[in-house]
Amino acid sequence: MKRVPTYKGFYAKYTDRYVTVYQAFNHLIADEIMDKKTFGPSFKLDRMTWIKPSFLWMMHRSGWGSKNDQERILSIDLSREGFDYILSKAVLTKYKPKIHGSSAEWKAMLSESDVVCQWDPDRDIYGNKLDRRAIQLGLRGEAVQKYVNDWIHTINDITDMVHDCKRQISHGSFNSDLLPVEREYHTN
């Protein structure tokens, strides 16, 4: 049974070895992460955490780092192996009969999986919906443990760059060269 529909491609910044995802946190969690170069005690490993490969979807979701508890934007490079594992385990958050069979089967898959997937319209710099879709991946349980302890290669705080982009957009002087280069993602 399929978990992530193959008919919906998504865009990401990636190389042969790494995929960049984005997360938004409050100052306390972000400071701990940047100080330790890993997740600290304020990050709750027993809660679901969402990773987003689309930079502009993350900007839309966080209000360019202006929403409460989403003031800091981190860029996280994780191994392709880890990211592909996440995709292989993802279960859609919404029931789709053609993919899941019965509602009971979907509910069982959803409750057993450590990864959930949600599709949303990707966005442009102004927050307008694009024709393509953006993927959000929710990690819990063992998937969070592996994400934090095994798959992360580098973590960067890009909050200043994000705020600079927002200022440029507000003043009509935005330089699109600041955006990460994202292309349609293909698993290894």
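**Figure 1. Asp-122 and Arg-132 pair up in a salt bridge.** In this predicted model, the closest N and O atoms of Asp-122 and Arg-132 sit 3.0 Å apart. A salt bridge here is a side-chain nitrogen of Lys or Arg within 4 Å of a carboxyl oxygen of Asp or Glu. The pair links distant parts of the chain, ten residues apart: Asp-122 belongs to strand β6 (residues 115–123) and Arg-132 to strand β7 (residues 129–139). Strands (E, at least two residues) and helices (H or I, at least four) are DSSP runs, numbered from the N terminus. Asp-122 is buried, at 0% relative accessibility, while Arg-132 is partly exposed, at 30%. For these labels, buried means under 20% relative accessible area, exposed means over 50%, and partly exposed is in between (1.4 Å probe, protein chains only).

A word on the ground rules: residues are numbered from 1 along each chain as its sequence is written, and side-chain values use heavy atoms, with hydrogens and water left out. Because the model is predicted, local features need pLDDT of at least 70 and side-chain atom pairs count only at pLDDT 80 or more, while totals for chains, interfaces and linings use all residues.

**Figure 2. Asp-31 reaches Arg-72 through a salt bridge.** The closest N and O atoms of this pair are 2.8 Å apart. Asp-31 lies in helix α1 (residues 27–36) and Arg-72 in strand β4 (residues 72–79), so the bridge ties together parts that are 41 residues apart in sequence. Buried or exposed: what is Arg-72? Arg-72 counts as buried, at 10% relative accessibility. Asp-31, on the other hand, is partly exposed at 38%.

**Figure 3. Arg-72 also meets Asp-157 in a salt bridge.** Here the N to O distance is 2.7 Å. Once again distant parts of the chain are linked, with Asp-157 in strand β8 (residues 152–157) and Arg-72 in strand β4, 85 residues apart. Asp-157 is partly exposed, with a relative accessible area of 29%. Salt bridges that share partners join Asp-31, Arg-72 and Asp-157 into one network. How many salt bridges turn up in the whole structure? The search finds five.

**Figure 4. Lys-13 sits in strand β1 (residues 11–14).** This lysine is partly exposed, at 37% relative accessibility. Which residues does Lys-13 touch, leaving aside its neighbours within four places in sequence? Its contacts (heavy atoms within 4.5 Å) are Tyr-18, Val-19, Thr-20, Tyr-22, Pro-53, Pro-180, Val-181 and Glu-182. Asn-175 is 162 residues away from Lys-13 along the chain, and the C-alpha atoms of the two are separated by 18 Å.

Figure 5. The C-alpha atoms fill a box of roughly 50 × 40 × 35 Å, taken along the principal axes. Buried residues make up 49% of the 188. Among contacts between residues at least 6 apart in sequence, 75% join residues at least 24 apart.
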